[in-house]
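Dear colleague,

A summary of the findings follows it.

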Amino acid sequence: MRYKILALLCSALLFSQVRGQSIKQIGSDELEALSSLDNDTTYVVNFWATWCSPCVKEIGYFEELHRNPPAEDLKVILVSLDFPNTIERRVIPFLQEKEITAAVYLMTDLDYNSWIERIDPDWSGAIPATLMYNGRNRLFLEKELSRDELFKHVKQMMN
Amino acid sequence: MKRTILTSLLAIMAVMLVNAGLKPGDDATSFTLKNVDGKSVSLSDYKDQKGVILVFTCNPCPFAKAYEQRIIKLHNTYVDKGFPVVAINPNDAEMSPDDTMEEMKARADDKDYPFVYLKDESQEVYKSYGATKTPHIFLLQNKGDKFKVVYVGAIDDNAMEEASVTTRYVEKAIAALGSGSKPNPSTTRAIGCTIKTKT
């Protein structure tokens, strides 16, 4: 009986690990670091929020890119700009519903003016916005992307 | 020589592209738009005021909602000091069904907006100002014969909780004008909802 409970507990734990998206909360210095990593990988950083309808529309394309990257050295990073007090209530249920497995971060620094320009000087702060970069190229897009646009830009970036 | 001309032309075009929209120091674009009460409102109607707190905002955006009470408060605090709020909804009603004139009227009634709430039907006004999101503030100062943009950006530095705000940008800017100086900062950036444009 005791073993049964233990087994049940373990499987429940495992289940929540699989089902439960982990969200890393970050501040502006960590975000700036994520936006300027210097290695052989191509990074696709998407700024989004559960309340932003065009973001919700395009997030599936980023998940697809994460699951089927055109090359190995590509990493998709989803940076949520939802308010930190909505993680449990909104962000995690949303990620579970959309079956998001890409890396998810949540920005906790709400003094936007202090960091938006550090991510890209052309960013007014509207979302969706996407930053793509690698050692050779850097592209910032403050707009909603279609699936074709996203994959086309990524391909150009990696060439 | 030809190449120089071409290069300078390209440079000028690049500058024009980058400069789309109004910045502090620029003349404000005049406009005439329909208010939720059915009447037309023009920027020139405010020629006896010291300025205008122009707010591009909308009904459904969570950031606009988070700031709604603060915008009402701004108007109530500053209308008697010569800086009324003029709110403009820039979203296309087809792309954003919560932003039709009917929905705007309902919202203004429900929340007792003390300020005008105008519809940018043709979407030309927000484009001319270079608003990119809601809410997006353009503080205008009356210079006698025209209005000048003196501050562009956010209302304050904490959208989530008013209690955690440390800098009230708009109030700080108006205070600077009152003492004859220029707002500092004169531009700020903030997260917001994209403006929904007809495709």
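**Findings**

Chain A contains 6 helices and 7 strands; helices (H or I, at least four residues) and strands (E, at least two) are DSSP runs, numbered from the N terminus. Please note that this is a predicted model, in which local features need pLDDT of at least 70 and side-chain atom pairs count only at pLDDT 80 or more, while totals for chains, interfaces and linings use all residues. Residues are numbered from 1 along each chain as its sequence is written, and chains are lettered from A and ligands numbered from 1 in the order in which they are written.

Along its sequence, chain A has the pattern α-β-α-β-α-β-α-β-α-β-β-β-α. Of its 159 residues, 28% count as buried (20 or more other C-beta atoms within 10 Å of the residue's own, with C-beta atoms placed from the backbone). Among contacts in chain A with a separation of 6 or more, 73% are between residues 24 or more positions apart; a contact requires C-beta atoms, placed from the backbone, to lie within 7 Å.

In chain B, 7 strands form an open sheet of mixed pairing, in the order 2-1-5-4-3-7-8; two strands pair if DSSP finds at least two bridges between them. Strand 2 (40-42) and strand 8 (147-153) of chain B are the edge strands, each with a single partner strand, so one side of each has no neighbour in the sheet. From one strand to the next, the twist averages 35 degrees (axes are lines fitted to C-alpha atoms, for helices over the stretch in contact, and angles run from 0 to 180 degrees between N-to-C directions).

Strand 1 (residues 32-35) of chain B runs antiparallel to strand 2 of chain B and is joined to it by 3 bridges. Within this pairing, B:Leu33 has B:Val41 of strand 2 as its bridge partner.

Helix 2 (residues 62-78) of chain B touches strand 3 (51-56) and strand 4 (85-89) of chain B, and its direction makes about 150 degrees with that of strand 4. Helix 5 (residues 169-178) of chain B touches strand 3, strand 7 (136-142) and strand 8 of chain B, with a direction at about 145 degrees to that of strand 8.

The contact between the chains involves 16 residues from chain A and 15 residues from chain B. On the chain B side, the largest share, 3 residues, comes from strand 9 (residues 192-194). Strand 9 of chain B also pairs in the parallel sense with strand 5 (residues 126-127) of chain A, over 2 bridges, and A:Ile127 stands opposite B:Cys193.

Yours sincerely

Definitions and conventions:
Contact = placed C-beta atoms within 7 Å. Buried ≥ 20, exposed ≤ 12 C-beta atoms within 10 Å, placed from the backbone.
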